[in-house]
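Open the model in your viewer and keep the sequence panel beside it. The stops below go from strands to helices.

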Amino acid sequence: MLQERVPDLAKFVEPDRVRREVYVDPAIFELEMQRIHERYWIYCGHETQVPRPGDYYTVQIGRQPMLMVRGKDRKLHVLYNRCPHRGNMMCGDRHGNTGEFFRCSYHAWTFRHDGALRSIPMMESGYAGTRFGKDNPDCSMKRAARVESYRGFVFASLATNGPGLLEFLGESRIAFDDMCDRAPEGEVEIVPNCFRVIQRSNWKIFLENQLDALHPSVVHQSTGRAAMDVESRIKKQTGQAPLSYHMLSAFAAVTIEKWDGFQTLNYPYGHCILTGYMGLRPKDPDTLAYEKVMQKAYGKKRMEEILGVNIHHVLIYPGLSVQSALQQLRAVRPLGVDRTLTEIWHFRLKGAPEPIYRRSLAYYNLVNSPATLINADDLENFWKCHQGLASDGGDWVTFGRHFGRDLDNGSVVETGPNMGTSEAPMRNQMKAWAKYMQAAA
Ligand code: FES
Ligand SMILES: [Fe+2]
C-alpha cells in the first residue's frame with residue numbers, strides 16, 4: 001500500500017540531484033525503514049559492550065527496538081525487545097545484566113538468553129490443552145534474522161535474505177581493520193558509554209555531511225580560528241601547545257584547496273572512504289613511545305604498513321560513520337522523518353600506552369561530542385537544511401560538484417585528481433538509496 005502512496009520513486013532521484021520529498025515525506029521515510037534499515041546490515045554495538053553472560057544493550061534498528069545480549073555460552077544474540085505474551089517491552093533500561101534469564105516484568109514469563117521460552121508461571125494448569133507452551137515458537141522472543149560480527153563489531157539484519165555481512169561491507173571493512181590493527185594486541189575495547197544527540201533533521205543529511213570535504217573549511221572555520229589563536233599563544237608562552245589544540249586548529253589550517261587533494265572512493269552499497277588526513281602521524285614523544293610498542297608487536301615492516309594507512313573517514317551506509325585512526329564511531333538511528341539519533345562512541349586500542357587513549361578521548365570531546373563547537377556548527381546546518389527542504393522554496397537538492405568527472409570502473413567510483421571536494425559521495429549514496437528502495441521485497 002505504501003508503494004501505492006509513493007508510486008514512482010525513480011522520479012525522485014536523478015544522477016546529479018534529488019527531490020526534496022526524499023528528506024521530508026513521512027511515507028518515504030516509512031518505506032526507507034522497511035526497505036533499507038530493516039533489511040540490510042545495521043550496526044548493533046561492539047562485543048565488549050556486553051562482556052559477561054546476561055549483559056545486554058538495547059539498540060534501535062529501523063523502527064524496531066532490539067537488544068543485544070551475551071549468552072552463557074558467550075554467544076551473542078540480537079532479539080526483539082518484546083515479550084511474546086502480551087507485548088511488554090522486555091528490558092526498559094538502556095543496558096544492564098539480566099542474570100540467568102530474562103524475566104518479563106508483567107506476568108513473569110522467563111526466557112533464555114537466546115530468546116527461547118524458559119518458563120510460564122503455572123504453565124500446566126493455565127495452558128494445558130491450549131496452543132501456547134514451550135514448543136510453540138510464537139511463545140519465544142523473536143530473534144533478528146541474521147547476526148554477524150567483524151573484528152568485534154556486531155551487525156544484525158532483520159531480513160533472512162540478502163548479502164552476508166562481509167560481502168555487504170566490502171572495502172569498507174578497512175574501517176575496522178584499520179582501527180583494530182592500530183592496537184598492539186589487534187583488538188579494540190569500547191569505552192562503555194556514548195553521547196547521544198537527537199538532531200532535528202532527516203538521517204540522510206547527517207550521512208551526506210560525513211564525506212562532505214567542502215564544508216569543514218567553511219562551517220568550522222570560526223572554531224578552527226579561535227583554537228589557532230589560543231594554540232599560538234600557548235606556543236609563544238611555553239614553546240609547545242598540547243597536541244589536542246591541533247585537532248581543532250586544523251579546521252582553519254586545512255584549506256579547501258588541501259581538501260581537494262584528498263580523494264573519495266565510493267562503493268555500490270552506498271559506502272564511502274575519504275582518504276587523507278591532517279597530521280595522523282605526529283612525531284611527539286607519546287607517538288614515538290607508541291610506535292616502539294607497535295614495532296615490538298608487529299615488526300617494523302608491518303608497523304609501517306599499519307600506521308601508513310591514510311584514511312580520514314569511512315561511511316558504512318545506511319547508518320555508520322567511522323574514524324578509525326582516532327578510534328571514533330557514530331551510529332545513526334533514524335527516529336522519524338525529521339528526527340535522527342546519533343550515538344557517538346570511542347574505543348581504546350588494546351595494549352597501547354595511555355596517552356594514545358587520551359588522544360582519542362580528546363578528539364572525542366573536542367570534535368565529535370555535543371560539548372564542542374564543531375558538532376554545534378554541523379547541527380545548526382542540519383537543522384537549517386531540514387527547515388529549508390520542508391519549505392516550498394525549491395524542489396531539488398543538487399549534487400553537481402565535479403559531476404561527470406568521476407572515474408567509474410564498475411566496482412568503485414573514484415573522484416578525479418584534485419577533486420576531493422566532489423559531491424560524488426552524495427551522488428553515490430542516492431544512487432544506492434534508489435536501488436535499495438526499488439528492490440522487490
Ligand atoms: S506481557 Fe510478558 S509475561 Fe505477560
Ligand atoms: Fe562538520
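Two strands count as paired if DSSP finds at least two bridges between them. With that in mind, and remembering that this is a predicted model, begin at Phe 102, which stands opposite Phe 111 in E9. Select residues 110-111 to show strand E9, which pairs with E8 in the antiparallel sense over 2 bridges.

Now widen the selection to the sheet. Three strands form an open sheet in the order E8-E9-E10, and the pairing is antiparallel. Strand E8 (102-103) and strand E10 (117-119) are at the edges with a single partner strand each, so one side of each has no neighbour in the sheet.

Next, select residues 64-70, strand E5. This strand pairs with E6 in the antiparallel sense, over 5 bridges. Pick Met 66 and look across to E6, where the bridge partner is Tyr 80. The hairpin of E5 and E6 has 5 residues between the strands, and Arg 74 in this hairpin takes a positive phi near 75°. Is strand E6 (residues 76-80) mostly covered or mostly open? Of its 5 residues, 4 are buried, so E6 is mostly covered.

Last, select helix H12 (residues 285-298) and helix H13 (residues 300-307). Their axes come within 7 Å and cross at roughly 125°; H12 and H13 are therefore oblique to each other. The crossing is right-handed. Show side chains on Glu 291, Met 294, Gln 295 and Tyr 298 of H12, which meet Lys 300, Arg 302, Met 303, Ile 306 and Leu 307 of H13. The residues of this contact comprise 5 nonpolar, 1 polar and 3 charged.

Key: Residues are numbered from 1 along each chain as its sequence is written. Chains are lettered from A and ligands numbered from 1 in the order in which they are written. This is a predicted model: local features need pLDDT of at least 70, side-chain atom pairs count only at pLDDT 80 or more; totals for chains, interfaces and linings use all residues. Axes are lines fitted to C-alpha atoms, for helices over the stretch in contact, and angles run from 0 to 180 degrees between N-to-C directions. Angles under 35 degrees count as roughly parallel, over 145 as roughly antiparallel, 65 to 115 as roughly perpendicular and the rest as oblique. A crossing is left-handed if the near helix is turned anticlockwise from the far one by less than a right angle, and right-handed if clockwise. Two residues are in contact if their C-beta atoms, placed from the backbone, lie within 7 Å. Ala, Val, Leu, Ile, Met, Phe, Trp, Tyr, Cys and Pro count as nonpolar, Asp, Glu, Lys and Arg as charged, and the others, Gly among them, as polar. A residue is buried if 20 or more other C-beta atoms lie within 10 Å of its own, exposed if 12 or fewer, and partly exposed in between; C-beta atoms are placed from the backbone.
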